[in-house]
Amino acid sequence: NPGAAPPRLPFSRVTQEVLAFFRTLLPGRTITDPDLLKSSNVDWLKTVEGNSEVLLRPKTTEEVSQILRHCSERNLAVCPQGGNTGLVGGSVPVFDEIILSTSLMNQVITFDNISGILTCQAGCVLENLSNYLEERDFIMPLDLGAKGSCHIGGNVSTNAGGLRLLRYGSLRGTVLGLEVVLADGRILKCLATLRKDNTGYDLKQLFIGSEGTLGVITAVSILCPRKPKAVNVAFLGCSSFQQLLETFQYCRGMLGEILSAFEFLDASCMSLLEKHLKLTNPITESPFYIVIETAGSNATHDEEKLHQFLEEVMTSSLVTDGTVATEATKIKALWSLRERVTEALTHEGYTYKYDISLPVEKIYDLVQDMRGHLGDMAKNVVGYGHVGDGNLHLNITSPSKDPALLAAIEPYVYEWTSEWKGSISAEHGLGLKKRNYIYYSKPSEAVALMGSIKAMLDPKGILNPYKTLPDNIH
Ligand code: FAD
Ligand code: MLT
Ligand code: ZN
C-alpha cells in the first residue's frame, strides 16, 4: 500500500543527554509523559499513529531555532505540529520523530487597522484570530470547519483552502510574509507587511503548502479583509447536479461581487448529519444541497440581489426548495450542515478520503462513477465540497479498514482524476497518505526539482520525513 509507512530511516534516537538539553531550554515544556503524548501521536481521523517520546512546546522563534540546530547537529528527526487537524497523516510522527508543537506560540504581534495586515505567531488558533479581528471590524481571509483547533501556521503549511477561497483567494495571495526557521536553525526573516514587493524570488511561496518539510513557520503576516456589514446564507435544494451547476452560473452572474461562498453536499451527507449529529434538514429532501453566502457592505442592496436571484432559480425550477438566514445563530446553524459533514463521517467507521480538483462540470461524475464501480463493497460513497473552486471531497466509508475496498478505490480514483487533468490533492496536501501518488498530478521533472529543493534546505532530511515527497524520486 503506497500510503503506508516506509521503513524507518537511520535517524538518531533521543538520548538522556538530548532530553537534558531540551529540559534546560524548555523547562516544563519538554513533555515525555506517555499519557500527555498520546493525543499528539495520533491524527484527527485516528488513522495514523506514531510513537514519539518527546513533545516540545517552544514559545519563541529563538527557541525553535535552538531546537532545530540541536536536532540537525545530532541527526534527530522532527515533526512540526499545529492544531493536528490535518487529514493526510502529515501532522503526526511516523516513528519516533520529535514533535515540535506551536501550541504556545499564540501571540498576535501587530495589527494595522488601516492596511488590515495582521502579524502573529504561527500557533494562533484560527478562530481566536477571527474573534480578535472581528472586534476590530476585520475578518480572516480564510475559514474552515476546523477553525476551533487549527493554527494559522498549520493553515499556511498546508495552504488550506476552505470556505472563503472563492471570494478572498488562496493563502498564496493573502500571506504577505513569513518567518521560518530552517532545518539547521537559521532564521529566515521574510515577515514583510507589503502588498507589493518584487525584490528577487518570492521565497515565502516555498514554505506555503510545504507541510513542514522545508522549514518551521514561526510567524505569519496576512492581509485581512474588512468585516462585511451584511451577511446572508441561503440553503437550497436541487434535484440534479446539472441544475446545481446552472444555479452556480446564475449565482455568479446575479450576485457578482457579494458572493462569498458556493458549497455543496449530497443527500448521503445529509443522512449522515441527521443520523449521527441529530442535525435537522431545514428544507424538503433533495438529492443535492447548496450553501450560498453573500457578504457585502449594504444590507438592503444585498438582500435585494439575493431575492432576485432566488426568485429566478425558483421560478425556473433549478432549485426545489430553500431557506435564507440573516441572523447570526441561524447562519451558523445552516453552515454546520456543510462544515460538520467531516465529523459525521467519522461515526460511520473508517473513511477513505479524496480531495480532488477537477473541471467543475465533472466533479459529481466521479462520485457516481465510483458508486457504480464499488457496488456494495462500500458502506457509503458521498460527495461534498467547494463547487466554486472545482474541488470535490469524495469520501468512501466502510465499517473498518478494508484492504480489498482500498484496492478497488486506488489507483482507480487517481487514474480518473489524472485523465481529466485534475489534482489528486486540491487543498489537504500529500502528507504521509498521498505522497506516493504525486506523479498523477505532477511531471517527474517537477518532482525531481522538489527533491533538489528539499536536499538544499534540509540536507539531512530531518524535517517531517516520510511526508509530501514520494519514497522514490525518478
Ligand atoms: P496540523 O494538522 O498540525 O499540520 C498540518 C501539516 O502542516 C503537517 O504536515 C505539519 O507538519 C505541518 N505544520 C503545522 N504547523 C507547522 C508550522 N508552524 N511550520 C511548518 N509546518 C507546520 N483543509 C482545507 O484546506 N480546507 C477545509 O475546508 C478544511 N476543513 C477541515 C475541516 C475539519 C473538520 C478538519 C478536521 C480538517 C479540515 N481541513 C481543511 C484540514 C486541516 O484543517 C487543514 O489542513 C489545516 O490547515 C491544518 O492546520 P493545523 O494547525 O491543524 O495543522
Ligand atoms: C471540508 O471542506 O469540509 C474539509 O476539507 C474537510 C473534509 O474534506 O472532510
Ligand atoms: Zn474542503
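Tutor: A term to begin with: a polar contact is a pair of N or O atoms within 3.5 Å. Also keep in mind that this is a predicted model.

Student: What about Tyr384 and Thr342, how far are they?

Tutor: For Tyr384, a side-chain N or O atom is 2.5 Å from an oxygen atom of ligand 2. Thr342 has a polar side-chain atom 2.8 Å from an oxygen atom of ligand 2.

Student: How much of ligand 2 does the protein cover?

Tutor: On its own, ligand 2 has 260 Å² of accessible area, and the protein covers 86% of that.

Student: And which residues surround ligand 2?

Tutor: Leu87, Arg338, Thr342, Lys353, Tyr384, His386, His393, Glu427 and His428. By class, that shell has two nonpolar, four polar and three charged residues.

Student: Switching to the metal. Which residues are the protein donors of the zinc ion?

Tutor: The zinc ion, ligand 3, has His386 (NE2), His393 (NE2) and Glu427 (OE) as its protein donors, 1.9 to 2.1 Å away. His386, His393 and Glu427 are also among the residues surrounding ligand 2.

Student: How are the donor residues spaced in sequence?

Tutor: The pattern is H-x6-H-x33-E.

Student: Are the two histidines, His386 and His393, buried or exposed?

Tutor: Both are buried.

Student: Now ligand 1. How many residues surround it?

Tutor: There are 35 around ligand 1, and the closest are Pro80, Gly82, Thr85, Gly86 and Asn155. Sorted by class, the shell has 10 nonpolar, 23 polar and two charged residues.

Student: Which element gives the largest share of that shell?

Tutor: Helix H5, with five residues. H5 covers 152–158, and strands E3 (78–81) and E9 (216–223) each supply at least two residues of the shell as well.

Student: Which side chains have a polar atom by ligand 1, and how far off?

Tutor: Ser157 is one of them, with a polar side-chain atom 3.1 Å from a nitrogen atom of ligand 1. Asn464 has one 3.0 Å from an oxygen atom of ligand 1. With Gly90, a backbone N or O atom lies 3.2 Å from an oxygen atom of the ligand.

Technical notes:
Residues numbered from 1 in each chain as written. Chains lettered and ligands numbered in written order. Predicted model: local features only at pLDDT ≥ 70, side-chain atom pairs only at ≥ 80, totals over all residues. Heavy atoms only, no water. Donors = N, O, S within 2.8 Å, 3.2 Å for Na, K, Ca; no water. Buried < 20%, exposed > 50% of the residue type's maximum accessible area, 1.4 Å probe, protein only. Near = heavy atom within 4 Å. Polar contact = N/O pair within 3.5 Å; in protein donor to acceptor, adjacent residues only side chain to side chain. Helix = DSSP H or I, 4+ residues; strand = E, 2+ residues; numbered from the N terminus. Nonpolar A, V, L, I, M, F, W, Y, C, P; charged D, E, K, R; others polar. Areas by Shrake-Rupley, 256 points an atom, 1.4 Å probe, with all protein chains shown as cover.
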